[in-house]
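Hi there,

Here is the structure I promised to pass on. Please have a look at it first, and my notes follow below.

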Amino acid sequence: MSPTLRTAAASDSAVDADLLARTAIAVRTAGAALRERFGEVVRYRTREDLMRALAANDDAVLDILRPRLMELRPEAGWVEDELDGGALPPGEWWVVDPAEGNINHLRALPDWAVTATLVRENQPVLTVVHLPLTGETYTALTGAGAHRDGTSLHVSQATDLALSIVATSQARPDEAEKVVRRVGSSITAMLFDALAVRTAVPATLHLMNVAAGRIDAFWQFAGARADLLPGALVVTEAGGRISDAQGRPWTPQSESFLATAPGIHTEAVTTLSR
């Protein structure tokens, strides 16, 4: 690389590092609004009641988060539908889940977060995952590692699936029957081959645990960009292995997702391919 290109690359990295720091501030500020809404179980009798309650949480965060992120990157596109999947058009995009694990929030369960990821030409560049209840903030920047509140993250050194804790999340509402049955059969397979299997939503929090070395693998069938892009970057930067469930390179168009400690990736693929 020529001196000019090295200087340009260093400048771009510095800009992205500053952007990550500013994004983290914006996400924490928005997360405080969601924390203030947490407490009692929110009751609902119909699907319409549920959707209104979910939207109210989303809106409380987006009213704060969207203007701040768009000010940081005015030319970037914006995606906030947590169920969207597939590739994005060219350019930069903010992919945001204002209340990842929203249903848990409504039921007064602690597993929820606010996430924001900058995607550039369909590759996640930086991400912030903030857990307002604990105050933890997970961040990752391409080529610069993954961190929790400034401390470097590293995936586990697991080498034996039989001694590993693994996790998955359930199929999303209205998912195709084929996918639901594939989720069920994969859990059964892992119950035979792994030490322990955790099944819960949201996906992002499982992936933060993979990055932190707390669990050894996470898999999911189907899934959306907002579910997987933050965790894909954090796990990769923490030294983990990302693929689809057959071991092929993962993209947002893939029909499955697998994140593991490198030492059990082959075993996990074998189990999920049965």
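Let me start with a pair of residues: Val129 stands opposite Tyr138 in β5. Strand β5 (residues 136–141) is joined to strand β4 (residues 123–131) by six bridges, and the two run antiparallel. Helices and strands here are DSSP runs numbered from the N terminus (helices are H or I with at least four residues, strands E with at least two).

Before going further, a word on the background: this is a predicted model, in which local features need pLDDT of at least 70 and side-chain atom pairs count only at pLDDT 80 or more, while totals for chains, interfaces and linings use all residues. Residues are numbered from 1 along each chain as its sequence is written, and side-chain values use heavy atoms, with hydrogens and water left out.

**The seven-stranded sheet**

β4 and β5 belong to an open sheet of seven strands with mixed pairing, in the order β1-β2-β3-β4-β5-β6-β7. Its edge strands, each pairing on one side only, are β1 (77–79) and β7 (151–152); two strands pair if DSSP finds at least two bridges between them.

Helix α5 (residues 203–211) lies across β2, β3, β4 and β5, at about 100 degrees to β4. Angles run from 0 to 180 degrees between N-to-C directions, with axes fitted to C-alpha atoms, for helices over the stretch in contact; contact means heavy atoms within 4.5 Å. Nine of the nine residues of α5 are buried, among them His206 and Asn209. Buried means under 20% relative accessible area, exposed over 50% and partly exposed in between (1.4 Å probe, protein chains only). Just after α5, Gly213 has a positive phi of about 80 degrees.

Three bridges join β11 to the antiparallel β12 (residues 256–260), where Thr260 is the bridge partner of Arg241.

Asp58 sits in helix α2 (residues 47–72). Asp58 is buried without a salt bridge, and the nearest side chain of opposite charge, Arg37, is 9.0 Å away. A salt bridge needs a side-chain nitrogen of Lys or Arg within 4 Å of a carboxyl oxygen of Asp or Glu; Lys and Arg count as positive, Asp and Glu as negative, and His and the chain ends are not counted. The side chain of Asp58 does make a polar contact with that of Asn102 (3.3 Å). A polar contact is a pair of N or O atoms within 3.5 Å; within protein, one must be able to donate a hydrogen and the other to accept it, and residues adjacent in sequence count only if both atoms are side-chain atoms.

Best wishes
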